[in-house]
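Hi there,

Here is the structure I promised to hand over.

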Amino acid sequence: STVLRVVLDAYCLQADLDVPTQGMLFRIAGPAGQAEFAELPAIVEASRRLFEAGALNPSTNPEDYFHSIRQWALWADEKGMDAEEFEDAFVAHARRNIMASGQTWNAEVESVVRDYAPGRWEDVEAVLEAAGVR
């Protein structure tokens with residue numbers, strides 16, 4: 001059997017799964033597994049179109065922001081999130097990441113993260129609308 005090693009950008013399709021580790025091996029899903037996520041290429045494509053058109057509103061490095069919005073659009077679609085559910089998930093995700101990096105999480109940090117959420121949601125919603133899934 002042949003082993004192919006590829007470095008690529010990848011997105012988590014199921015928000016509740018553990019974060020993959022560096023060097024983790026992946027297997028391409030068969031037809032049944034791919035069919036389960038058949039609508040997701042529309043989200044990936046819509047996010048690319050909006051990014052290339054300058055239609056997203058990055059609050060950080062534009063490329064990093066684009067990948068973040070794409071990931072959140074996939075999760076928002078999976079979970080059927082509304083703005084409030086998105087904000088709660090966004091804050092919880094940030095909290096996990098900040099604490100995992102050994103930094104302090106407090107009310108001030110949470111307030112800053114919550115301040116970012118509405119703008120991020122606006123771009124996530126724009127991607128979902130452009131993809132035709134909302």
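**What I found**

The protein chain has five helices and zero strands, where helices (H or I, at least four residues) and strands (E, at least two) are DSSP runs numbered from the N terminus. Read from the N terminus, the elements run α-α-α-α-α.

Before the details, a word on the source: this is a predicted model, in which local features need pLDDT of at least 70 and side-chain atom pairs count only at pLDDT 80 or more, while totals for chains, interfaces and linings use all residues. Residues are numbered from 1 along each chain as its sequence is written, and side-chain values use heavy atoms, with hydrogens and water left out.

**The chain as a whole**

Along the principal axes, the C-alpha atoms fill a box of roughly 55 × 35 × 25 Å. Of the 134 residues in the protein chain, 26% are buried; buried means under 20% relative accessible area, exposed over 50%, and partly exposed in between (1.4 Å probe, protein chains only). Taking contacts (heavy atoms within 4.5 Å) between residues at least 6 apart in sequence, 66% join residues at least 24 apart.

**Helix α2**

Helix α2 covers residues 40-52, and its 13 residues reach 19 Å from first C-alpha to last, close to the 18 Å expected at 1.5 Å a residue. That expected span is 1.5 Å times one less than the number of residues. Its buried residues are Leu 40, Ile 43, Ala 46, Ser 47 and Leu 50. They cover an arc of only 115° around the axis, which puts them on the same side of α2; the arc is taken over the directions from the helix axis to the C-beta atoms. The cover over these buried residues includes α3 (62-79) and α5 (107-131).

Arg 49 also lies in α2, and with a relative accessible area of 38% it is partly exposed. A polar atom of the Arg 49 side chain lies 3.2 Å from the backbone oxygen of Ala 130. I count such a polar contact as a pair of N or O atoms within 3.5 Å; within protein, one must be able to donate a hydrogen and the other to accept it, and residues adjacent in sequence count only if both atoms are side-chain atoms. Just after α2, Gly 54 has a positive phi of about 70°.

**Helix α4**

The 18 residues of α4 should span 26 Å at 1.5 Å a residue, and the end C-alpha atoms are 25 Å apart, which agrees. Phe 86, Phe 90, Val 91, Ala 94 and Ile 98 are buried in α4. They cover an arc of only 130° around the axis, which puts them on the same side of α4. The face turned away from that buried side carries the exposed residues Glu 84, Arg 96 and Ala 100. The buried residues of α4 pack against α3 and α5.

Just after α4, Gly 102 takes a positive phi of about 85°.

**Helix α5**

With 25 residues, α5 reaches 35 Å between its first and last C-alpha, close to the 36 Å expected at 1.5 Å a residue. There is a bend of about 30° at Ala 117, and a proline, Pro 118, follows within four residues; the bend is the angle between axes fitted to the seven residues ending there and the seven starting there. The buried residues of α5, including Arg 120, Trp 121 and Asp 123, pack against α2, α3 and α4 (83-100).

Asn 106 caps the N-terminal end of α5, placing a side-chain oxygen 3.0 Å from the backbone nitrogen of Glu 108. After α5 comes Gly 132, whose phi is positive, near 75°.

**The core**

Which residues have the most contacts inside the largest nonpolar core? In this core of 27 residues, they are Ile 43, Leu 56, Trp 72, Phe 86, Val 124 and Val 127. A nonpolar core here is a set of buried Ala, Val, Leu, Ile, Met, Phe, Trp, Tyr and Cys residues joined through side-chain atoms within 4.5 Å. The elements that give two or more residues to this core are α2, α3, α4 and α5, and the largest share, eight residues, comes from α3. Leaving aside residues up to four places away in sequence, Trp 72 touches Met 81, Phe 86, Ala 89, Phe 90, His 93 and Val 124.

Best wishes
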